[in-house]
Amino acid sequence: MSKLDQTEVLVVGAGPVGMLTALLLTQNGIRTRIMDQESRTAGHSYSCALHPRSIKLLSDAGIAAQAVESGHRIASVGFYEGNARRAEVNLAQLPVDYPFALVLDQSALETLLERKLREAGVKIHWGHRLANVDMKDLGATAIIERLATTGKGYSVPDFEQGVERTLETQADFVIGADGSNSVVRRRLGIRFERTGAPQHFAVYEMEAGSDCGHETKVVLDPAASSALWPMSDTRCRWGFQVNPDDEAKDFPSKDRERMAVIEPPGERDSLHRLRQFLKERAPWFDNPIREVIWTTNVQFEPRLARQFGRNRCWLVGDAAHQTGPVGMQSMNIGFREAVDLVESLTQILRKNAPEDLLRAYDRTHWCEWQRLLGFKAVPPAADKASEWVRQRAVRIASCIPASGADLSALLSQLGIEF
Ligand SMILES: Cc1cc2nc3c(=O)[nH]c(=O)nc-3n(C[C@H](O)[C@H](O)[C@H](O)COP(=O)(O)OP(=O)(O)OC[C@H]3O[C@@H](n4cnc5c(N)ncnc54)[C@H](O)[C@@H]3O)c2cc1C
């Protein structure tokens with residue numbers, strides 16, 4: 001087995017949260033290596049909205065200007081049930097540097113982060129898969145498989161990935177930013193506890209006939225949530241929560257992965273299904289559909305890690321939690337976790353601070369997620385919130401693109417104390 005140079009921090013996973021973590025560590029002068037089993041950044045526009053605080057974090061890291069320039073601003077969130085508009089929150093009233101959410105393709109965000117890492121002298125080791133991690137008293141040993149793609153066949157090449165080489169490296173700390181099936185979390189033996197029923201969404205990105213505006217619209221029907229996210233002047237994305245039993249019969253059987261992507265039906269069926277959803281859920285939506293750009297069905301299973309790590313191995317982002325997609329919280333709160341974890345590690349590695357700081361990281365973020373997932377939601381004051389809002393307080397909280405103090409401030413516009 002070949003040995004790689006020792007590093008201070010090994011970040012496993014180059015999704016948005018892993019890349020931000022590696023960038024912040026490097027900016028703080030910590031020797032960092034980042035690796036990912038895939039061969040490049042995301043090709044799809046999955047998690048597409050940055051919360052106001054995330055924009056500020058990116059600004060501190062030096063990449064907000066490009067993000068703001070290429071993104072689409074969201075100024076408010078309107079809440080509907082059927083034809084009735086029931087409530088709204090106004091992000092422009094937040095007393096922050098960036099009082100709006102920003103819709104940006106995940107692929108565009110990842111490209112910005114990768115470029116900034118390169119400028120900071122950090123190369124992402126694509127095609128490197130963490131196979132195992134073994135914690136020692138003063139560090140961790142990681143076993144990494146370097147993957148290579150080989151082509152077989154002549155006229156029709158058939159590509160497959162295999163392990164080219166196995167490598168070993170030592171790190172003072174390992175950060176698992178390796179998404180919902182995190183190997184780091186599993187090697188630590190940390191339970192990924194289910195916190196609610198799986199939520200299935202049918203997602204449609206479409207080109208619209210007229211201006212999509214700057215408001216996210218959330219439809220809270222009794223048993224399902226739907227959301228419209230404007231992505232540019234003429235492009236928008238609808239997500240409809242569905243009961244898996246209602247899905248078209250010829251859909252492939254559901255994957256049991258925690259986050260499963262199911263192949264969508266063909267183009268004509270997509271348009272038909274989208275029109276059907278709009279008729280049932282958002283009859284007020286009168287923007288003509290010019291084209292369905294892509295569609296997918298995805299299952300989110302709300303989960304929370306019992307702990308955010310231990311001793312020398314810590315988790316950030318989807319490795320520690322997963323929730324429904326409407327408020328875009330998993331990635332955005334993952335960014336804040338990255339900032340806090342990097343701050344603690346910098347104190348420990350550079351200022352001899354006690355490792356107890358990491359236990360505080362664990363408890364702070366675990367408690368925040370408990371609250372967000374509805375375990376500790378405080379009922380709104382009866383005289384401030386409308387009956388409609390009061391009955392849906394936890395659902396509303398999970399649909400707003402903000403967290404921490406910003407989320408509390410936006411919920412207080414509705415009379416919800418959070
Ligand atoms: C179809 C789809 C739609 C989505 N829609 C939304 C949405 O509308 N709103 C929303 O908030 N979120 C959505 N998400 C989730 C969103 O993409 C995630 O919250 C976000 O990407 C989390 O970032 P992350 O960096 O924590 O993890 P990820 O982006 O999952 O990154 C983890 C990285 O770790 C790598 N990795 C995993 N295992 C290993 C290993 N053993 N060794 C090396 N590397 C490894 C992976 O290749 C990956 O690049 C969606 C996801 C999907 C799949």
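Helix α1 is mostly covered, with ten of its twelve residues buried. Buried here has a cut-off: 20 or more other C-beta atoms, placed from the backbone, lie within 10 Å of the residue's own. Before I go on, this is a predicted model, where local features need pLDDT of at least 70, side-chain atom pairs count only at pLDDT 80 or more, and totals for chains, interfaces and linings use all residues. Residues are numbered from 1 along each chain as its sequence is written.

Back to the helix. Helices (H or I, at least four residues) and strands (E, at least two) are DSSP runs, numbered from the N terminus. α1 covers residues 16-27, and its buried residues include Pro16, Met19 and Leu25. From first C-alpha to last, α1 reaches 16 Å, close to the 16 Å expected at 1.5 Å a residue; the expected span is 1.5 Å times one less than the number of residues. After α1 comes glycine 29, with a positive phi near 80 degrees.

Last, an open sheet of three strands runs β13-β20-β23, with antiparallel pairing. Strands pair if DSSP finds at least two bridges between them; β13 and β20 have three.
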